[in-house]
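Let's walk through this model together, starting inside one chain and ending where two chains meet. Keep the structure open beside you as you read.

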Amino acid sequence: CSRLHTKPSISPTLLLSNMYQRPDMITPGVDAQGQPIDPQKMQEHFEDFYEDLFEELSKYGEIESLNICDNLADHMVGNVYVQFREEEQAANALKNLTGRFYAGRPIIVDFSPVTDFREATCR
Amino acid sequence: RSRSKSKRISGFDMAPPQSALLPGVTPPTGQLLGTTPTVPGLF
């Protein structure tokens, strides 16, 4: 969306912008070399990513929920939302993830105002 | 899950190639560039 969402100064939820990249991000169902991708491979790729994230994030606190936007549209593409039990845990994760890399790309991490993912829509 | 036995390396802290990491860095002197710059009108 085109709205400017304000970032809270503290929140139990973190947003990791554009972190997940689908193997078929250029053309759906096809990899960067133009070869069709097995849907099972796609699933494994996603699960590996999820596992990596879960393992790393668990170091900083108890994870309430971990949402990965596995979409192809520009909006929110590959965004990861992680909700910790406590704000301090999210703050700790933010501090520890800032300036690091994942799979050759910088991690962009911010607090997110989302606390209930069923209600997470633009307002 | 038993899959964790063959856990591959995490993507965390996988830094990008040096050239991508430091875009402002010039190659060391004496290093040949891959391409010859084309100057229009010169042979």
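This is a predicted model: local features need pLDDT of at least 70, side-chain atom pairs count only at pLDDT 80 or more; totals for chains, interfaces and linings use all residues.

Two residues count as being in contact if their C-beta atoms, placed from the backbone, lie within 7 Å.

Helix α2 of chain A spans residues 87-97, and its buried residues are A:Q89, A:A90, A:A93 and A:L97. These residues lie on the same side of α2(A), because they cover an arc of only 100 degrees around the axis. An α-helix has 3.6 residues a turn, so residues three or four places apart point the same way. What do the buried residues of α2(A) pack against? Their partners in chain A are β1 (13-16), α1, β3 (80-84) and β6 (109-112). After α2(A) comes A:G99, which has a positive phi, near 85 degrees.

Now turn to one of those partners, β3(A). This strand is mostly covered, with four of its five residues buried. β3(A) pairs with β1(A) in the antiparallel sense, over four bridges, and here A:L16 has A:V80 as its bridge partner. β3(A) also runs antiparallel to β2 of chain A (residues 63-68), to which five bridges join it. In that pairing you can find A:N67 opposite A:Y81 of β3(A).

Finally, look at where the chains touch. Chain A brings 10 residues to the contact and chain B eight residues. On the chain A side, α1 (39-58) and β4 (101-102) are the elements that give two or more residues. The largest share, four residues, comes from α1(A). By class, this side of chain A has six charged, three nonpolar and one polar residue.

How values were computed. Residues are numbered from 1 along each chain as its sequence is written. Chains are lettered from A and ligands numbered from 1 in the order in which they are written. Ala, Val, Leu, Ile, Met, Phe, Trp, Tyr, Cys and Pro count as nonpolar, Asp, Glu, Lys and Arg as charged, and the others, Gly among them, as polar. A residue is buried if 20 or more other C-beta atoms lie within 10 Å of its own, exposed if 12 or fewer, and partly exposed in between; C-beta atoms are placed from the backbone. The arc is that of the directions from the helix axis to the C-beta atoms. Two strands pair if DSSP finds at least two bridges between them.
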